[in-house]
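This briefing describes helix packing, backbone geometry and the surroundings of selected residues. Please read it alongside the sequence and the structure shown below.

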Amino acid sequence: MTAPTLEIHLTDADLTEALRSDARRGLTSDPKTLPPKWFYDARGSELFEEITRLPEYYPTRTERALLERVVGEIAQLAQAEVLVELGAGSAAKTRLLLSALGAAGPLKTYVPQDVSESALRGAAEQVGAEFPGLAVHGVVSDFTDTLHNLPRGGRRMIAFLGGTIGNLIPAERAEFLAGVAAVLEPGEQLLLGAGLVIDPAVLVPAYDDAAGVTAEFNRNVLHVLNSRLRADFAPDAFTHVAVWDARNEWIEMRLEATRDMTVTVPDLDLTVHFAKGEQMRTEISAKFRREGLAAELDTAGFDTERIWTDPDDRFALVLAARR
């Protein structure tokens with residue numbers, strides 16, 4: 001077995017500088033915002049894993065069941081020699097793809113990408129042990145701005161699962177999809193997982209569970225600012241809010257101040273005022289319609305080959321080829 005290799009394009013210092021930039025911009029904007037990627041320190045990742053097991057949170061189990069059902073078809077259509085996975089994390093769902101792509105024939109290399117070196121190293125070692133004939137080459141980077149660092153060579157399929165595409169606003173999605181198209185050769189493919197527009201009565205509870213786990217996950221971004229930027233947020237002074245924006249067709253997660261307060265962020269030399277009832281957006285989770293997904297992919301330079309959905313039309317897997 002060849003030992004997995006790791007290519008590092010993002011250091012802890014880079015992450016801190018990115019957090020400083022995002023926090024300064026978001027806390028001084030009107031309305032205030034913070035990007036969702038800062039939920040995920042070690043505690044945030046644990047909380048998200050807990051969320052995926054909640055009865056209200058259907059996306060993870062729905063996508064996995066769908067992938068289990070259609071992975072053979074995906075593998076036959078893709079005939080990929082290289083599987084690149086953006087935001088690989090623990091690579092839990094990836095094993096389904098690796099098994100099917102290996103059975104279909106030409107798979108030689110797995111390239112997981114993630115911002116967390118420790119998570120990526122662990123996932124790469126596990127996959128390397130489970131698939132001893134497979135070369136594993138991890139890339140530590142931010143998928144939003146380092147796509148050009150992904151290795152070339154061999155017929156590649158890029159997998160971007162979990163509905164993470166929905167965390168990007170439309171302009172960001174367009175830039176991201178165009179960036180993916182730019183690093184692929186004609187005929188190479190993108191496998192995209194995306195949540196679909198469904199009844200808000202089912203959708204909203206997925207982001208506002210009865211046990212309060214999502215609320216704690218949402219507030220975790222304030223703990224991250226406290227620990228990494230020496231801020232003095234009182235996380236318990238903010239309540240979790242999840243609302244369905246019907247016009248934009250996305251869920252918004254927000255934190256609402258329960259009282260007037262002043263927060264200092266010494267590492268940014270910044271003082272931030274919150275009025276009672278003021279809300280700060282921490283995440284959007286856009287949901288899609290099939291025709292909308294195909295249109296966005298077409299604009300970016302892809303031809304949609306197949307769209308699979310679960311029996312309740314809650315989630316879609318899209319296989320698209322670079323023109």
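In this predicted model, helix 2 (residues 42–52) and helix 8 (residues 213–229) have axes that come within 9 Å and cross at roughly 155°. That angle makes helix 2 roughly antiparallel to helix 8 (angles under 35 degrees count as roughly parallel, over 145 as roughly antiparallel, 65 to 115 as roughly perpendicular and the rest as oblique). Axes are lines fitted to C-alpha atoms, for helices over the stretch in contact, with angles from 0 to 180 degrees between N-to-C directions. Helices (H or I, at least four residues) and strands (E, at least two) are DSSP runs numbered from the N terminus.

Residues are numbered from 1 along each chain as its sequence is written, and side-chain values use heavy atoms, with hydrogens and water left out. Because the model is predicted, local features need pLDDT of at least 70 and side-chain atom pairs count only at pLDDT 80 or more, whereas totals for chains, interfaces and linings use all residues.

**Helix 2 against helix 8**

- Helix 2 passes helix 8 in a left-handed crossing (left-handed if the near helix is turned anticlockwise from the far one by less than a right angle, and right-handed if clockwise).
- Helix 2 contributes R43, G44, L47, F48, E50 and I51 to the contact, and helix 8 contributes V213, T214, E216, F217 and N220 (contact means heavy atoms within 4.5 Å).
- The residues of this contact divide into 5 nonpolar, 3 polar and 3 charged (Ala, Val, Leu, Ile, Met, Phe, Trp, Tyr, Cys and Pro count as nonpolar, Asp, Glu, Lys and Arg as charged, and the others, Gly among them, as polar).

**Helix 1 against helix 8**

- The axes of helix 1 and helix 8 come within 11 Å and cross at roughly 120°, and the two helices are therefore oblique to each other.
- The crossing of helix 1 and helix 8 is left-handed.
- On the helix 1 side, D12, L15, T16, L19, R20, A23 and L27 meet V224, L225, R228 and L229 of helix 8.
- The contact of helix 1 with helix 8 comprises 7 nonpolar, 1 polar and 3 charged residues.

**Helix 6**

- Helix 6 (residues 170–183) has 14 residues, which at 1.5 Å a residue should span 20 Å, and its end C-alpha atoms are 20 Å apart, in agreement (the expected span is 1.5 Å times one less than the number of residues).
- R173, F176, L177, V180, A181 and V183 of helix 6 are buried (buried means under 20% relative accessible area, exposed over 50%, partly exposed in between, with a 1.4 Å probe and protein chains only).
- The buried residues of helix 6 pack against strand 5 (156–160), strand 6 (189–195), strand 11 (279–286), helix 9 (290–300), strand 12 (302–309) and strand 13 (315–322).

**Backbone geometry in loops**

- Most residues other than glycine have a negative phi, and most peptide bonds are trans.
- The peptide bond from D30 to P31 is cis, with omega near 0°, and P31 is found in the loop between helix 1 (12–27) and helix 2.
- Q79, which is not a glycine, has a positive phi of about 50°; Q79 is found in the loop between helix 3 (59–78) and strand 2 (82–85) and is partly exposed, at 29% relative accessible area.
- D313 has a positive phi near 55°, lies in the loop between strand 12 and strand 13 and is partly exposed at 34% relative accessibility.

**Surroundings of individual residues**

The contacts listed here leave aside residues up to four places away in sequence.

- H223, in helix 8, is partly exposed, with a relative accessible area of 34%, and touches E216 and P235.
- The C-alpha atoms of H223 and G44 are separated by 9.5 Å, although these residues are 179 residues apart along the chain.
- M253, in strand 8 (residues 250–257), is buried at 1% relative accessibility and touches F39, Y207, T214, F217, N218, H240, V241, M280, R281, T282 and E283.
- M253 and H223 are 30 residues apart in sequence and 17 Å apart in space, C-alpha to C-alpha.
- E63, in helix 3, is buried at 1% relative accessibility and is in contact with K93, L161, G162, G163, G193, F315 and L317.
- N149 lies in the loop between strand 4 (135–140) and strand 5, is buried with a relative accessible area of 17%, and touches E7 and H9.
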